Amino acid sequence: MDTLDTLRTRKKAATRHSLHEAALRLAMEHGLDGVTVEDIADAVGVSRRTFSNYFANKEDAILHADRERTGLLVSLVEGRPSGEKPWEALRAACRELYRAHPVPDREWVAQLRLLRRHPSLLAQQASDQFALERDLTAVLLARGHGLDQELARLTAATFLATLRTGNVLWLEGPDDQPLPDVVDRVLSRVQLR
């Protein structure tokens, strides 16, 4: 029975990933307004109902990989050694995240940034960022190190703002520096407890 469950779980994950990739590709090719849920389902060869079993709407499908990455980031921070200071645990988790997920090319990231400025995605992205900040705050509080709610929240918010800054600097900078190096350099410039 475990083998069947494992196979079923892998198949569901593959379908979810295929729907996400199709949604993203179609939205980048035709613009978000030029893509329907039916288009996405057809591209993967599944029904509209199957799509709805995985995602609430096309925006949800597009943001799926971001949500997986942020979930992994939170898990990586949780798994850091307890003796590590909060900021070092965040930096180390970020480095692990970049090792686990290959960095896309600049052109793709630039197209993705344009797509993400679509009004129907902005509210969901803001909500996701707030949830990530809340989750990181909870993890930092659980790790201890004398952080109170305010300082843990400030640390999480500063970390996320620094990540965004590093991503923008990489995107707009020279081609010779890898994204993980730029982000780590920017993170190293912030001094928190």
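**Notes on the cores and Thr162**

1. Let's start inside. The largest nonpolar core has 28 residues, and Leu136 and Phe159 are the ones with the most contacts inside it. Five helices each put in at least two residues: H5 (64–78), H6 (86–100), H8 (119–143), H9 and H10 (179–188). H9 gives the largest share of this core, seven residues. Keep in mind while browsing that this is a predicted model.

2. As general background, nonpolar side chains in soluble globular proteins tend to be buried together.

3. Leaving out residues up to four places away in sequence, Leu136 touches Val74, Val77, Leu90, Ala156, Phe159 and Leu160. Phe159 in that list is the other residue named with Leu136 for the most contacts inside the largest core.

4. Now for Thr162, which sits in helix H9, residues 149–172. Is Thr162 buried or exposed? Its relative accessibility is 7%, so Thr162 counts as buried, the cut-off being under 20%.

5. What does the side chain of Thr162 reach? It gets to the backbone oxygen of Thr158, at 2.6 Å.

6. Zooming out, the fold is quick to describe: the chain has ten helices and zero strands. Read along the sequence, the pattern is α-α-α-α-α-α-α-α-α-α. The C-alpha trace spans about 50 × 50 × 30 Å along its principal axes.

7. On packing across the sequence, take the contacts between residues at least 6 apart: 65% of these join residues at least 24 apart. Of the chain's 193 residues, 37% count as buried.

8. Finally, the surface and the charges. The chain exposes about 11,000 Å², with carbon and sulfur atoms supplying 53% of that area. On the charge side, there are 27 positive and 28 negative side chains, and the centres of the two sets lie 3 Å apart.

Technical notes. Residues numbered from 1 in each chain as written. Predicted model: local features only at pLDDT ≥ 70, side-chain atom pairs only at ≥ 80, totals over all residues. Heavy atoms only, no water. Helix = DSSP H or I, 4+ residues; strand = E, 2+ residues; numbered from the N terminus. Buried < 20%, exposed > 50% of the residue type's maximum accessible area, 1.4 Å probe, protein only. Polar contact = N/O pair within 3.5 Å; in protein donor to acceptor, adjacent residues only side chain to side chain. Contact = heavy atoms within 4.5 Å. Areas by Shrake-Rupley, 256 points an atom, 1.4 Å probe, with all protein chains shown as cover. Lys, Arg positive; Asp, Glu negative; His and termini not counted. Charge placed at Lys NZ, Arg CZ, Asp CG, Glu CD. Core = buried A, V, L, I, M, F, W, Y, C linked by side-chain atoms within 4.5 Å.
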